[in-house]
Amino acid sequence: MLLPSALFSSSLRPRRSSAGDSAKEENVREQENMSDEEVYVGSIDQGTTSTRFILYDRSARAIASHQVEFTQFYPEAGWVEHDPMEILESVKVCLAKAIDKATANGYNVDGGLKAIGLTNQRETTLVWSKSTGCPLYNAIVWMDARTSSICRKLEQELPGGRTHFVETCGLPISTYFSAVKLLWLKENVDAVKVAMQKGDALFGTVDTWLIWNLTGGINGGGLHVTDVSNASRTMLMNLKTLDWDQPTLYTLGIPAESLPKIISNSEVIGKIAKGWPIPGVPISGCLGDQHAAMLGQACRKGEAKSTYGTGAFILLNTGEEVIHSKHGLLSTLAFKLGPDAPTNYALEGSIAIAGAAVQWLRDSLGVISSASEIEDLAMSVDSTGGVYFVPAFNGLFAPWWREDARGVCIGITRFTNKSHIARAVLESMCFQVKDVLDSMHKDAGEKGEAKNEKGEFLLRVDGGATVNNLLMQIQADLLGNPVVRPADIETTALGAAYAAGLAVGIWTENDIFNSGERAENVTTFHPRLDEGVRKSKLDSWCKAVSRTFDLADLCLL
């Protein structure tokens, strides 16, 4: 992970020439003009369970932040929804509170805030009225599984089955992606159906909803846009053209006029409208959360990161090449840092339940009263005592892709106590990451992975759960490779700030990717587990995973 404070403590260095340089010459001049004034970049981080706004100074050091949790709705088993208006309000509160905190600490944010970046939970799907600005239904969250029957129907009707769209969009047909959620809304919500017929429906993921409202909504001609990374998660964008794929739209019956314009991750999109705490400030960066984390971790070609949040998401930068996985992974965008910049692609493995399993222990079972307690509880035993927990609450994502899977906890005996189960929950997160990385190694091959001078493949980690040292040590043990944790674990927000600052000339790509400081201020966890024990544990995990299959039809009464 690059060291922001060390990286930008001296005057900014010129970067190597690359595509888009000529378009950014003016930004370089702006850097020189801004060198003697207070300069700040804000980052809106709209996640699955909370919203944050973080303010960064010129050294990419966080100077103030505010976070607000919002309501999770579970109308039926497997359904997860958010209130779009509550999300908007959470953003407004976070903006105001963070700015108040910074101002109270003596920072001239009102005069020095130059740009806003945005990062968001991906795939979560909204439809709202162009004429009223009102949502036509709650947001259907990325992990929601209500579209299983739609997916099965498409698989049966389309000649390519589950992989029918993989060649164009890189994604299999799955409940995970936005297109099938949009089809459900179109088929089951009368207001959406009518609005689409009248041309009054606007579709978007959370980034689109926020930008439309931040730039004025119905009162100021809100901008209906999305970025390439979020668009790549809809199942509707062509990975090569970076535009909506017309044959796919025709096959699914989705009207193109309801879709937002696709833009790059780093460009001036529009200015924040009146009525918000920071009117007039440009929004100049937008990335899906996992892509923002890649940028925040400065992942170059061959480098991978894993973000541990509600779920866990592992991405490997494959450079300008699209690699189609043969081992259960997704082909997706990494980032495109400007309209004329080259496109970086990635292989991704998505895990639906990671930190959410800890929340389940806390909120549903009452085993712990706070998430931070799980480390001490799990450390009170030196193993799981043969217990294996597979959190297939709504099925399994990569690399298994089994929507018929349901959660299991096996190996329980009278010896088992809550400490063993807590440790098994932590191990489940690490086993799932190991499964994904094994697939990545097979798809990318030796030449597709960057290694250190010792020939080791390093996994860069971030996200709230990485403060758990036991979790990180378990991860290194099960991988058999070092795990590297940066000083600033909130790299998602940092990545959005980098994209925004890059677009307005505060930073350059050379500053972000070529600092030479990345090995400092990191914590490295080295594997300590015996190879024979590691193999035995992995074999047992695979046996546990197999027990989760074909359980979706269990009687709920």
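Select M235. Leaving out residues up to four places away in sequence, M235 touches F165, C169, L171, P172, I173, S174, F177, A179, V180 and T248. Contact here means heavy atoms within 4.5 Å. This is a predicted model, in which local features need pLDDT of at least 70, side-chain atom pairs count only at pLDDT 80 or more, and totals for chains, interfaces and linings use all residues. Residues are numbered from 1 along each chain as its sequence is written, and side-chain values use heavy atoms, with hydrogens and water left out.

Now widen the view to the nonpolar cores. A nonpolar core is a set of buried Ala, Val, Leu, Ile, Met, Phe, Trp, Tyr and Cys residues joined through side-chain atoms within 4.5 Å. Buried means under 20% relative accessible area, exposed over 50%, partly exposed in between, with a 1.4 Å probe and protein chains only. The largest core has 135 residues, and M235 and L295 have the most contacts inside it. Colour helix α16 (residues 418-444) next: it gives the most to this core, 12 residues. Helices (H or I, at least four residues) and strands (E, at least two) are DSSP runs, numbered from the N terminus. A second, separate core has 38 residues, among them L88, W128, L210 and L214.

Move to helix α7 (residues 178-188). It packs against helix α8 (residues 190-198) at about 95°, with the axes 5 Å apart. Axes are lines fitted to C-alpha atoms, for helices over the stretch in contact, and angles run from 0 to 180 degrees between N-to-C directions. So α7 is roughly perpendicular to α8; that label covers 65 to 115 degrees, with under 35 roughly parallel, over 145 roughly antiparallel and the rest oblique. Show L182, L185, K186, E187 and N188 of α7 with D190, V192, K193 and M196 of α8, which make the contact.

From α5 come I150, C151 and L154, which meet V180, L183, W184 and E187 of α7.

Next, the sheet. Strands pair if DSSP finds at least two bridges between them. Which order do the strands take in this open sheet of 7? The order is β17-β18-β16-β15-β21-β22-β23, with mixed pairing. Neighbouring strands are turned by 30° against each other on average, direction ignored. Zoom in on β15 (residues 304-308) and β16 (residues 312-319), which pair in the antiparallel sense over 5 bridges. A304 has L316 in β16 as its bridge partner. Then show helix α17 (residues 469-479), which packs on the sheet and touches β15, β21 (459-462), β22 (483-486) and β23. The direction of α17 makes about 150° with that of β22.

Select helix α14 (residues 355-363). G355, A356, A357, V358 and L361 are buried there. Their cover includes α15 (373-379), β19 (388-390) and α16.

Finish at A496, in helix α18 (residues 491-503). Is A496 buried or exposed? A496 counts as buried because its relative accessibility is 0%. Beyond neighbours within four places in sequence, A496 is in contact with S43, G117, L118, T119, L287 and A292.
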